[in-house]
Amino acid sequence: MTKGKRLIKKTCVIVLCISLCMAQFILFPSVNAYADEDTEEKDSSGTSSEIDDLKKQIEESKAAKEKANVTKSQLASGMADVQQVIGSLQTEKDNVVTYVATLDAAMEQIQDDLDAVNQSISENEIQIKEAEESIVVAEEAVEEAEQVRLEEYENIKKQVKFMYLAAKTTFLDILVTSSSMTDLLNRAHNISEIMDYDKEKLAKYAKAVEQADEAKAALEENKALLEEKQEELEEKQEEAQNKKDDMSLLISAKEAEIGEYNAAIGSKEEQVREYQQMIAQQDAEIAAIEAAIKQQQAALAEASRRVYGGGQFVWPAPGYTRISDDYGMRTHPTLGVKMMHNGVDMAAPSGSPILAAADGTVIAASYSGSMGNYIMIDHGSDIITVYMHASSLNVSAGQEVSAGDRIGSVGSTGRSTGPHLHFGVRKNGSYVNPWSYLK
Ligand SMILES: [Zn+2]
């Protein structure tokens, strides 16, 4: 490598370094300003743009969560609406179910009536059959009686004819053969009696025929009544059957209605399940957002963690540089014993300003018997400044202050011999020499 090339390379490196340093200064001026002063600086804290980004992310996450919550409550309200619809459908369905129950009861009554009519019809049919059988029997009896009468009539006719033909000889016979007048009369009388007997017999047979006819007629009349009754019963049966058919139709229609209600309720319940799923999704989303917010807040807390940038403190008692009592072992002015003086006493008139030595958070602004009115400021990196014996305090705990902000006024409160500012510095929990930070 030639000397010229080496020079070019060296120049390049220097230019590159300067460029990097400048870039760093432009990008991170506050960090860079004290960077070489404090080797203990923690680099876990973020830049302001990182912090702003995180804050923005948290805002966005919170907005997303809010949106998810709104969506969730909209879904919940939609679901409640559907559930209300289900409730009214259920009520309407219950009404129809109740109505169908009354229809079923009515149907049972109709069926009972129909069964009773059918039973009556069966019984009546048997009676009609029996009547018909009786009529057949009666007809046979009539025929028989008629037959008997006809036969007898024929016999008598023959007998009368014979007697008539034989009458002359008979009478002659009787006259001739009769032993006496009485005998003659008796025998003539007998003939007449025979005639009467035949007459009587014919009348009796005629009567029998008449009675058989009457019995048959009575049976026919009874059958006619039964048939009339049958017609009435059949009318009733038809009526009951019609009622039953109508009722069946009505019940079928109502059952179809119930089916429709069930289908509607089923579909609404499906909607509810869909809502529940969507709400569960929203819940999951909200939970995820909350987890993200937690993470982002943790990241923000980490990024925002105050880090003492190092560098020289602002002189906390401006214009008053006389040290009335320095840091270190000394005889205590009021107690008279050798002890450690853990700060620097700056002599200053009462009421003169006390300034914050560096940027920080006020962690105490209070009063104690020994420190009087005192202030403690946390500057990060475990560095805390302490200001004692103030006549008044201008800040309160939790307040953010910048270097040079007036935080109180010099005084002589607490264990003090005259107006001064006792200024102490604590690092990692112990007092250290303030001069390390003041020069
Ligand atoms: Zn002191």
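A residue is called buried if 20 or more other C-beta atoms lie within 10 Å of its own, exposed if 12 or fewer do, and partly exposed in between, with C-beta atoms placed from the backbone. This is a predicted model, in which local features need pLDDT of at least 70 and side-chain atom pairs count only at pLDDT 80 or more, while totals for chains, interfaces and linings use all residues. Residues are numbered from 1 along each chain as its sequence is written.

**Figure 1. Overview of the protein chain.** The chain's secondary structure comes to 5 helices and 13 strands. Helices (H or I, at least four residues) and strands (E, at least two) are DSSP runs, numbered from the N terminus. Of the 439 residues, 16% are buried. Contact means that the C-beta atoms of two residues, placed from the backbone, lie within 7 Å. Among contacts between residues at least 6 apart in sequence, 75% join residues at least 24 apart.

Figure 2. Most residues other than glycine have a negative phi. H389 is not a glycine, yet its phi is positive, at about 65°. H389 sits in strand β8. H389 counts as buried because it has 26 C-beta neighbours inside 10 Å. D382, also not a glycine, has a positive phi near 60°. D382 lies in the loop between β7 and β8. With 14 other C-beta atoms within 10 Å, D382 is partly exposed.

**Figure 3. The largest nonpolar core.** A nonpolar core is a set of buried Ala, Val, Leu, Ile, Met, Phe, Trp, Tyr and Cys residues joined through C-beta atoms within 7 Å. The largest one holds 33 residues, of which I354, Y374, I375, Y387 and L421 touch the most other members. At least two core residues come from each of β4 (343–347), β5, β6 (360–368), β7 (372–378), β8 (383–390) and β12 (420–427). Strand β8 gives the most, with 6 residues. Beyond four places in sequence, the contacts of L421 are P316, A317, M346, A348, I354, Y387, H389 and V410.

**Figure 4. V209 in helix α4.** A core of 6 residues lies apart from the largest one, and its members include A131, A138, Y205 and V209. V209 belongs to helix α4 (residues 181–304). V209 is buried because it has 20 C-beta neighbours inside 10 Å. Setting aside residues up to four places away in sequence, V209 touches V142, A145, E146 and R149. V209 and E146 are 63 residues apart in sequence, but their C-alpha atoms are 5.6 Å apart in space.

**Figure 5. Strand β4 and its partners.** Strands pair if DSSP finds at least two bridges between them. Strand β4 has 4 of its 5 residues buried, so it is largely enclosed by the rest of the structure. Strand β1 (residues 323–325) pairs with β4 in the antiparallel sense over 2 bridges. D325 has D345 in β4 as its bridge partner. β4 and β12 also run antiparallel, joined by 5 bridges. Here A347 stands opposite H420 in β12.

**Figure 6. An open sheet of 3 strands.** The order is β5-β11-β9, with antiparallel pairing. β5 (353–355) and β9 (392–393) stand at the edges with a single partner strand each, so one side of each is left without a neighbour in the sheet. Antiparallel strands β9 and β11 (residues 406–409) are joined by 2 bridges. S392 has S409 in β11 as its bridge partner.
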